Amino acid sequence: MDCIFCKIARGEIPSNKVYEDDQVLAFYDLDPQAPVHILLIPKEHIGSAVEITPQNSGVVAHIFEVAAKLARELHLENGFRLVNNCGKDGQQTVQHLHVHLLGGRSMTWPPG
């Protein structure tokens, strides 16, 4: 598979890891949009939120558990944002489910 996030999850492409277990990898975004900008991905290839099923939805819950853990560890007690872009119109640029954890500054709305 030629998916860049699958290659990162397999260790074929280096990343600045902040968390890893058997289901999820979290690493710093190369183009941060906030002082804290971490991507959380399932190690299993799931193309987008549209492909979430009863069989693979447990990893999505686990991503949110990891995001909460990282937010506590990174002292984001004033708040943070979790973002999942889905599909072309949703501005999904990598066709592998991922959640952006953004924090360390006040977020604006709408995001743009």
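Visitor: What relative accessible area counts as exposed, and what counts as buried?
Guide: This is a predicted model, and the terms rest on relative accessible area. A residue between the two cut-offs is partly exposed. Exposed means over 50%, and buried means under 20%.

Visitor: Is Leu30 buried or exposed?
Guide: Leu30 sits in the loop between β2 and β3. Its relative accessibility is 87%. The cut-off for exposed is over 50%. Leu30 therefore counts as exposed.

Visitor: How far apart are the C-alpha atoms of Leu30 and Pro42?
Guide: Strand β3 covers residues 36–42, and Leu30 lies in the loop between β2 and β3. Along the chain, Leu30 and Pro42 are 12 residues apart. Their C-alpha atoms are separated by 18 Å.

Visitor: Which radius of gyration does the chain have, against that of a compact globule?
Guide: The chain has 112 residues. A compact globule with that count would be near 13 Å. The value for the chain agrees, because it is 14 Å.

Visitor: What share of the residues count as buried?
Guide: Buried means under 20% relative accessible area. The share is taken over the 112 residues of the chain. It comes to 39%.

Visitor: How many aromatic pairs does the structure hold, and what is the geometry?
Guide: The structure holds one aromatic pair. Its members are Phe5 and Phe27, 5.8 Å centre to centre. The planes are 75° apart, and over 60 degrees counts as edge-to-face. So there is one pair, and its geometry is edge-to-face.

Visitor: Which parts of the chain does the Phe5 and Phe27 pair tie together?
Guide: Phe5 and Phe27 are both buried. They are 22 residues apart in sequence. Phe5 lies in residues 4–9 and Phe27 in residues 24–28, so the pair ties together helix α1 and strand β2.

Visitor: Which residues does Ala49 touch, beyond those up to four places away in sequence?
Guide: Ala49 lies in the loop between β3 and α2. At 30% relative accessibility, Ala49 counts as partly exposed. Ala49 and Cys86 are 37 residues apart along the chain, yet their C-alpha atoms are separated by 6.3 Å. The residues touched are Asn84, Cys86 and Leu97.

Visitor: What is the phi of His75, and where does His75 lie?
Guide: Most residues other than glycine have a negative phi. His75 is not a glycine, but its phi is positive, at about 60°. Its relative accessible area is 57%, so His75 is exposed. His75 is found in the loop between α2 and β4.

Visitor: What is the phi of Gln91?
Guide: Gln91 lies in the loop between β4 and β5. At 57% relative accessibility, Gln91 counts as exposed. Gln91 is a residue other than glycine, with a positive phi near 70°.

Visitor: Is the peptide bond from Trp109 to Pro110 cis or trans?
Guide: Most peptide bonds are trans. Pro110 lies in the segment after β5. The bond from Trp109 to Pro110 has omega near 0°, and it is cis.

Terms used
Residues numbered from 1 in each chain as written. Predicted model: local features only at pLDDT ≥ 70, side-chain atom pairs only at ≥ 80, totals over all residues. Heavy atoms only, no water. Rg over C-alpha atoms; globule rule 2.2 N^0.38 Å. Buried < 20%, exposed > 50% of the residue type's maximum accessible area, 1.4 Å probe, protein only. Phe/Tyr/Trp six-rings, centres within 6.5 Å; stacked < 30°, edge-to-face > 60°. Helix = DSSP H or I, 4+ residues; strand = E, 2+ residues; numbered from the N terminus. Contact = heavy atoms within 4.5 Å.
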